[in-house]
Amino acid sequence: MTLSPSPAQAVSRPRPRPRIRPRHGPGPRKRSRGTALVGWGFIGPFAAVFGLVFLAPIGYAFYLSLMRDRLIGGTAFVGADNYVRALTDPQFWDASARVGLFLLVQVPLMLGIALLVALALDSGRLYGRAFFRVAVFLPYAVPAVVASLMWGFMYGARFGLVGNLSESLGLSLPDPLSPALVLASIGNVVTWEFVGYNTLIFYAALKVVPRSLYEAAAIDGAGEWRTIAAIKLPAIRGALAIATIFSVIGSFQLFNEPNILQNLAPNAITSAYTPNLYTYSLAFSGQQHNYAATVALVMGALTALIAYAVQLRGMRKG
């Protein structure tokens, strides 16, 4: 005989709660796949443009460097023969040594002037800082071709400023476009163009230095030069390294200035005066596209190696 519970017991007894099955989201593998797709959606346009305008030309240049045009048989695969020729080419190494000498002299001089100007602007003691900021940066806004033509006219010993000064003073001034002075003349043009650009980099780095450091130095009795040596220069070390790397790369890519001035000084600036000018002459004047691609790749590898060494040295702490 089974006793049924009374109504009071039935009401007081708790009813079992229904079991609710938890809703599981997508698995970890599906979530990671969705995250990867979102990431590729963001970097996809950049990757496509990067591959089209950077990787594809390098790949095509490498393909050309492995071939050679022959009078009989057309284009033939020659492997590393073009690279062996480039590494033993005296014209290429003379041009590389010339731009190496150029960067050893011009880059420290240009960066030194830019650093002094940036420190003067940041000191707060320079009258008319707004005018000087614009005046120093203005040459960078002038295209390299226009700057080269302008300075080439001033360098002219027969028709330019140097020639007029020689006639007016009755002196025989040195010819800036002579073989002995033309590299220094090109260095002067490049320095005039890029001092403002590097000044802007240094000045921007100086503006983010905490003012509390200057206040602490003033309390300790540090003078202006001590503040520069102990606070400002260490604080902009990264900017100095970046500017140096850009300047080294720009020196090895020297092309516009000698190419423009070559018409004014054909005896001083040859077709192999710089590596880029040599590559241009091989490709468009000598129709040696395969060897020109080889020289360009070798020069690119050499530039990357030196820039990386400068970066390691500049970013080293201590």
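**Close-up views of a predicted model**

**View 1**
Ala222 sits in the loop that links H9 and helix H10 (224-235). The model is predicted, so local features need pLDDT of at least 70 and side-chain atom pairs count only at pLDDT 80 or more, while totals for chains, interfaces and linings use all residues. Residues are numbered from 1 along each chain as its sequence is written, and side-chain values use heavy atoms, without hydrogens and water. Helices (H or I, at least four residues) and strands (E, at least two) are DSSP runs numbered from the N terminus. Because its relative accessibility is 27%, Ala222 counts as partly exposed; buried means under 20% relative accessible area, exposed over 50%, and partly exposed in between (1.4 Å probe, protein chains only). With neighbours within four places in sequence left aside, Ala222 is in contact (heavy atoms within 4.5 Å) with Ala217 and Thr227.

**View 2. Tyr214 in helix H9.**
Helix H9 (residues 211-219) holds Tyr214. Is Tyr214 buried or exposed? Tyr214 counts as buried because its relative accessibility is 13%. Residues up to four places away in sequence are not counted in the following list: Tyr214 touches Asp122, Leu206, Val209, Thr227, Ile231 and Lys232. One of these partners, Thr227, is 13 residues from Tyr214 in sequence, with 7.3 Å between the two C-alpha atoms. Thr227 is also in contact with Ala222 of the previous view.

**View 3. Helix H13 and what covers it.**
In helix H13 (residues 275-285), the buried residues are Pro275, Leu277, Tyr278, Thr279, Ser281, Leu282 and Ala283. Their cover includes helix H4 (90-123), helix H12 (256-261) and helix H14 (289-315). Just after H13, Gln287 takes a positive phi of about 55°.

**View 4. Tyr280 on H13.**
Tyr280 also lies in helix H13. Its relative accessibility is 37%, and therefore Tyr280 counts as partly exposed. Which residues does Tyr280 contact, leaving aside its neighbours within four places in sequence? They are Phe255 and Ser285. Ala292, twelve residues from Tyr280 along the chain, has its C-alpha atom 7.4 Å from that of Tyr280.

**View 5. Phe62 in helix H2.**
Phe62 is placed in helix H2 (residues 28-65). Phe62 counts as partly exposed because its relative accessibility is 43%. Where residues up to four places away in sequence are not counted, Phe62 touches Tyr83 and Leu297. Thr294 is 232 residues from Phe62 in sequence, yet their C-alpha atoms are 7.3 Å apart in space.

**View 6. The packing of H4 against H11.**
H4 and H11 pack at an angle of about 145°, and 10 Å separates their axes. The axes are lines fitted to C-alpha atoms over the stretch in contact, and angles run from 0 to 180 degrees between N-to-C directions. From H4, the contact is made by Val99, Phe102, Leu103, Gln106, Val107, Met110, Leu111 and Leu115. H11 brings Leu240, Ala243, Thr244, Ser247, Ser251 and Phe252. By class, this contact of H4 with H11 has ten nonpolar, four polar and no charged residues. Ala, Val, Leu, Ile, Met, Phe, Trp, Tyr, Cys and Pro count as nonpolar, Asp, Glu, Lys and Arg as charged, and the others, Gly among them, as polar.

**View 7. The largest pocket.**
A pocket is an open set of points on a 1 Å grid over the protein atoms alone, where a 1.4 Å probe fits and protein lies on both sides within 12 Å along at least five of seven lines; lining residues have an atom within 4 Å of a point. The lining of the largest pocket has 19 residues, and Val190, Phe194, Phe246, Gly250 and Ser251 are those nearest its centre. H4, helix H8 (182-207), helix H11 (237-252) and H12 each give two or more residues to this lining. Which element gives the most? H11 does, with five residues. By class, the lining has eleven nonpolar, seven polar and one charged residues.

**View 8. The chain as a whole.**
The protein chain has 14 helices and two strands. Of its 318 residues, 34% are buried. Among contacts between residues at least 6 apart in sequence, 66% join residues at least 24 apart.
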